[in-house]
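I opened my notebook for a first look at this one. Come along and keep the model in view.

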Amino acid sequence: LLYIVFSLTVFCLGYFAIREPEIFKMGPEIEEEPAAILPEATPNKETPEEDWEEMKEKLKSLMEQDRPYLNPKLTLGILAEKADTNVHTLSRVINDGFGVNFNDFVNGYRVDEFKARVLEEEYRNHTLLSVALMAGFNSKTAFNRSFKKITQLTPREYLKQEGAEEKSATS
């Protein structure tokens with residue numbers, strides 16, 4: 001019985017270490033994380049409108065130039081670090097400034113990336129799923145759900161529609 005319990009414990013630790021390596025990280029990163037959420041850095045209702053617009057533009061620029069959305073494990077914390085802000089501020093900018101939640105914001109960029117790639121000649125031999133994974137999605141379900149939510153079309157319907165438009169444009 002002791003052997004079985006020990007084996008299961010080792011198996012579970014190994015599984016979670018592979019699946020979620022962030023859980024087992026030790027060192028300076030753990031100490032630095034709480035410092036990212038400082039009370040004085042938290043925005044309040046008196047934040048000037050210009051600052052929000054500046055943060056929105058900075059975030060748009062970051063998303064378009066650095067393309068962090070290509071990382072399937074992108075989190076609000078990672079994006080906040082890249083944007084040199086804290087999680088709370090970034091969340092408010094996305095929610096209030098763009099009118100969507102973090103996942104919809106990031107998935108909007110991923111869907112645009114998918115739409116651009118799937119029409120390129122070099123990706124014609126790839127499956128839709130492989131192009132979606134290259135665009136930053138981490139599963140077929142998440143991709144299909146987000147694509148339908150944003151475009152009101154399935155990926156196949158979108159391709160048929162784009163194929164029809166492409167043929168009429170070349171005629």
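**Ground rules.** I noted that this is a predicted model, where local features need pLDDT of at least 70, side-chain atom pairs count only at pLDDT 80 or more, and totals for chains, interfaces and linings use all residues. Residues are numbered from 1 along each chain as its sequence is written, and side-chain values use heavy atoms, with hydrogens and water left out.

**Confidence.** I looked up pLDDT, the predictor's confidence in each residue, from 0 to 100. The protein chain has a mean of 81, and 78% of its residues reach 70 or more. I saw values below 50 over residues 27-46, a stretch with 12 contacts beyond near neighbours in sequence (contact: heavy atoms within 4.5 Å).

**Helix α5.** I took helices as DSSP runs of H or I, at least four residues, numbered from the N terminus. Asparagine 86 caps the N-terminal end of α5, with a side-chain oxygen 3.1 Å from the backbone nitrogen of histidine 88. Just after α5, I found glycine 99 with a positive phi of about 75°.

**Helix α6.** I checked the length: the 17 residues of α6 (residues 102-118) should span 24 Å at 1.5 Å a residue, and the end C-alpha atoms are 24 Å apart, which agrees. The expected span is 1.5 Å times one less than the number of residues. I counted 12 of the 17 residues as buried (under 20% relative accessible area, 1.4 Å probe, protein chains only), including Phe102, Tyr109 and Arg117. At the start of α6, a side-chain oxygen of asparagine 101 comes within 3.2 Å of the backbone nitrogen of asparagine 103.

Conventions: Helices (H or I, at least four residues) and strands (E, at least two) are DSSP runs, numbered from the N terminus. Buried means under 20% relative accessible area, exposed over 50%, partly exposed in between (1.4 Å probe, protein chains only). A polar contact is a pair of N or O atoms within 3.5 Å; within protein, one must be able to donate a hydrogen and the other to accept it, and residues adjacent in sequence count only if both atoms are side-chain atoms.
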